[in-house]
Amino acid sequence: MENNKEKLEIKWTAWVALAVLILMVSGLFKDSTGPLKAFDFTNLTGAFGKISENLTFLGKDGSGAKDGFLQALNIAPVVILFCGIMDVCQEFGALAASSVLFQPILKPLMGIPGTTGLALVGSFTSVDVGAVMTKELRETEKITDDELTIFVAYQNAGSAIITNLLTTGASLMAVIPYSFGFMFVLCMSCKIFGANFMRIFLAMKGNRRQIQ
């Protein structure tokens, strides 16, 4: 009854906000041309510090202790911008719509609620986006500590899977006899296996506490 009530309260604006947010973090429009390019979150954040294809603000062969600070400086606008976008989408009910959409898939698959669906999609292309959304889910008590642990186990294995396969993994595509689709499915299988391994571990740990 509660689920039916929740579905009735979700307006069409919530579904639109959810669709826009998913499209922004999915990476589908990353290489698009024209106005559609603005729908990709990585394009909105830009290529900060990149002067040319092989030269950044670090300079040629630049490395050292400053790298860590520059990396933090590079991440800050990404996190701040996404927090703003996420808050706007939440006002339209995107999180509630996400719960209804992903619940039938994520609950039996990994034992996590549908509210993690947006963070799951976001983690396909950006580690930072997935981390920010997961942190917010826990702070607002949308997920429990055990669900957080399971979800983190999923995210840590092959984080930003699409982005890394297309960048770092691209160099291997020429020498291995497998397609991008096969590598994606293989990585996803390992991620889901890791989440369920943690799920079983937490269940066993909970049973031991009850026995004691």
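Helix 7 (127–139) and helix 8 (residues 145–156) run alongside each other in this predicted model, their axes coming within 11 Å and crossing at roughly 175°. Here helices are DSSP runs of H or I with at least four residues, numbered from the N terminus, and axes are lines fitted to C-alpha atoms over the stretch in contact, with angles from 0 to 180 degrees between N-to-C directions. On the helix 7 side, the contact (heavy atoms within 4.5 Å) uses Gly130, Ala131, Thr134 and Arg138, and helix 8 brings in Asp145, Leu148, Phe151 and Gln155. Ala, Val, Leu, Ile, Met, Phe, Trp, Tyr, Cys and Pro count as nonpolar, Asp, Glu, Lys and Arg as charged, and the others, Gly among them, as polar.

Now for helix 2 (residues 12–26) and helix 5 (residues 94–110): their axes come within 8 Å and cross at roughly 80°, which means helix 2 is roughly perpendicular to helix 5. Ala14, Trp15, Ala17, Leu18 and Ile22 of helix 2 touch Ala94, Ala97, Ser98, Val100, Leu101 and Phe102 of helix 5. Ten of these contact residues are nonpolar, one is polar and none is charged.

Glu147 pairs with Lys107, their closest N and O atoms 3.6 Å apart. Since Glu147 sits in helix 8 and Lys107 in helix 5, the pair ties together parts that are 40 residues apart in sequence. The model has three salt bridges by this rule.

A cavity is a set of points on a 1 Å grid, over the protein atoms alone, where a 1.4 Å probe fits but cannot get out, and lining residues have an atom within 4 Å of a point. Met86, Gln90, Leu95, Thr115, Met133, Glu136, Leu137 and Thr140 line the largest cavity. Helix 7 gives the largest share, three residues.

Residues are numbered from 1 along each chain as its sequence is written. Local features need pLDDT of at least 70 and side-chain atom pairs 80 or more, while totals for chains, interfaces and linings use all residues, and side-chain values use heavy atoms, leaving out hydrogens and water.

Key. Helix = DSSP H or I, 4+ residues; strand = E, 2+ residues; numbered from the N terminus. Parallel < 35°, antiparallel > 145°, perpendicular 65-115°, else oblique. 1 Å grid on protein atoms, 1.4 Å probe; cavity = no way out; pocket = protein on both sides within 12 Å on 5 of 7 lines; lining within 4 Å. Salt bridge = Lys/Arg side-chain N within 4 Å of Asp/Glu carboxyl O.
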